[in-house]
Amino acid sequence: MLFLKNKLKEIGLSGSIDKIGNCIAKLPAKISKSKKKTILIVAHADTACDPGRDHKITEDTKYLYGHGICDNSAGITGLLTTISLIKKYKITFSNDLIFGFTIGEEGLGAKRGMKQLIKDYGKQVDAVINVESHNVGRVTHQVIGQYRSEILVDTKMGGHSFRDFGRPNAIVILSQIISDFSRFKLPKLGKTTFNIGQIKGEGSINAIAKNAACLFEIRSESNKNLHKAKQKFESIIERYKKQFSNVDIAEKILAEVPAAMFPKSHKIYKITIDIQKQLGINSNLNAGNTDGDVSMAAGIPTVTIGTSEGWNTHSLNEYMEKKSLQLGIKQVFGVVYAVASNYC
């Protein structure tokens, strides 16, 4: 965040870093306080994976390669360029602008950076523009509901794989829980998915595992479906708790995001689609999980837009089309300018 704070200083805008690590800058309106609105414009500054010290960015004539090159370096670049143009040409607006570069959008960060921004500024914010990485033309107006937890199994025993055979094995119990839920028929109406990640178990080939854990996720476009799938998973855990009464089986909730949606006809989407049309961009109204989840769940009109065409995001094999970024940045500037000028 120090890098971003210094970049803002180079541009001519004073930035600060809040108590959890977000970088924030403000651009006040040039009209009377009673009439203006406040627009929050954000881009997340974290990546999904830890690329390690030897991670390198490469390129050819068409693409840039490297983890984070699209998600969300493209969004960061689009927002920094927009701020730079505003300062360079001394553009003023009828609304207050707050720029936020957030931490913790990805993975188990659970959007904690955006949550802090909404906690600090949510009561005064009238609309949010969330600048994301890929899919130029996306107009995200719907939050996909999300439930994330960690499942922990502790047999409190362990033992020798041969001599103590028959004692409960934490990995086996966890695997049975996962297997049982995987046979659950997910609702067909309102897309609903689940995923298991980071399965861990102690011990070696000749030891009975005492502990095991995994990460569990459900996503759905429907709160009803999300609740149904969550209830099914919890009922399976309860069944295994009764079956193995001497084993500790616990679920630690990591994140819960309700499904939410603003009507496609809302003015923030009309403004965004109009700018995209002027630039020859085909608009695609869709659902997603981004920092925008937090503000939409808080009832604040929010649009998420993409800044490039990128692929293999959330992997170390990520790459981005260089040409698309030029159009994406024009779009970011156009949407920010239009919303900041016309949102009332």
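This is a guided tour of a predicted model, going from one selection to the next.

Before you start, note that residues are numbered from 1 along each chain as its sequence is written. Because the model is predicted, local features need pLDDT of at least 70 and side-chain atom pairs count only at pLDDT 80 or more, while totals for chains, interfaces and linings use all residues, and side-chain values use heavy atoms, with hydrogens and water left out.

**Stop one: an open sheet and its helix**

Select residues 58–59, which are strand β4, and residues 310–311, which are strand β18. Helices (H or I, at least four residues) and strands (E, at least two) are DSSP runs, numbered from the N terminus, and two strands pair if DSSP finds at least two bridges between them. β4 and β18 are the edge strands of an open sheet, each pairing on one side only, and the sheet has 4 strands in the order β4-β5-β19-β18 with antiparallel pairing.

**Stop two: from α8 to α6**

The crossing of α6 and α8 is right-handed; a crossing is left-handed if the near helix is turned anticlockwise from the far one by less than a right angle, and right-handed if clockwise.

To see the contact, display Ile 271, Thr 272, Ile 275 and Gln 276 in α6, which meet Gln 331, Gly 334, Val 335, Ala 338 and Val 339 in α8. By class, this contact has 5 nonpolar, 4 polar and no charged residues, where Ala, Val, Leu, Ile, Met, Phe, Trp, Tyr, Cys and Pro count as nonpolar, Asp, Glu, Lys and Arg as charged, and the others, Gly among them, as polar.

**Stop three: α4 and α5**

Move to helix α4 (residues 170–182) and helix α5 (residues 223–243), whose axes come within 10 Å and cross at roughly 145 degrees. The crossing of α4 and α5 is right-handed. Residues to display include Ile 173, Ile 177 and Phe 181 of α4, together with Phe 233, Ile 236 and Ile 237 of α5. The contact of α4 with α5 has 8 nonpolar, 1 polar and 3 charged residues.

**Stop four: two covered strands**

Select strand β13 (residues 211–220), which is mostly covered, with 8 of its 10 residues buried; buried means under 20% relative accessible area, exposed over 50%, and partly exposed in between (1.4 Å probe, protein chains only). Strand β9 (residues 145–154) runs antiparallel to β13 and is joined to it by 10 bridges, and Ile 151 has Cys 214 in β13 as its bridge partner. Strand β11 (residues 192–201) also pairs with β13 in the antiparallel sense, over 8 bridges, and here Gly 197 is partnered by Leu 215.

Then select strand β7 (residues 127–131), where 5 of its 5 residues are buried. Ala 127, Ile 129 and Val 131 point one way from β7, whereas Val 128 and Asn 130 point the other way. Strand β3 (residues 38–44) runs parallel to β7, with 4 bridges between them, and strand β17 (residues 302–305) pairs with β7 in the parallel sense over 4 bridges.

Most residues other than glycine have a negative phi, and most peptide bonds are trans. Select Asn 135, in the loop between β7 and β8 (138–143), which has a positive phi of about 70 degrees although it is not a glycine. Finish with Asp 71 and Asn 72, whose peptide bond is cis, with omega near 15 degrees; Asn 72 is found in the loop between β5 and α2 (73–88).

Key:
Axes are lines fitted to C-alpha atoms, for helices over the stretch in contact, and angles run from 0 to 180 degrees between N-to-C directions. Contact means heavy atoms within 4.5 Å.
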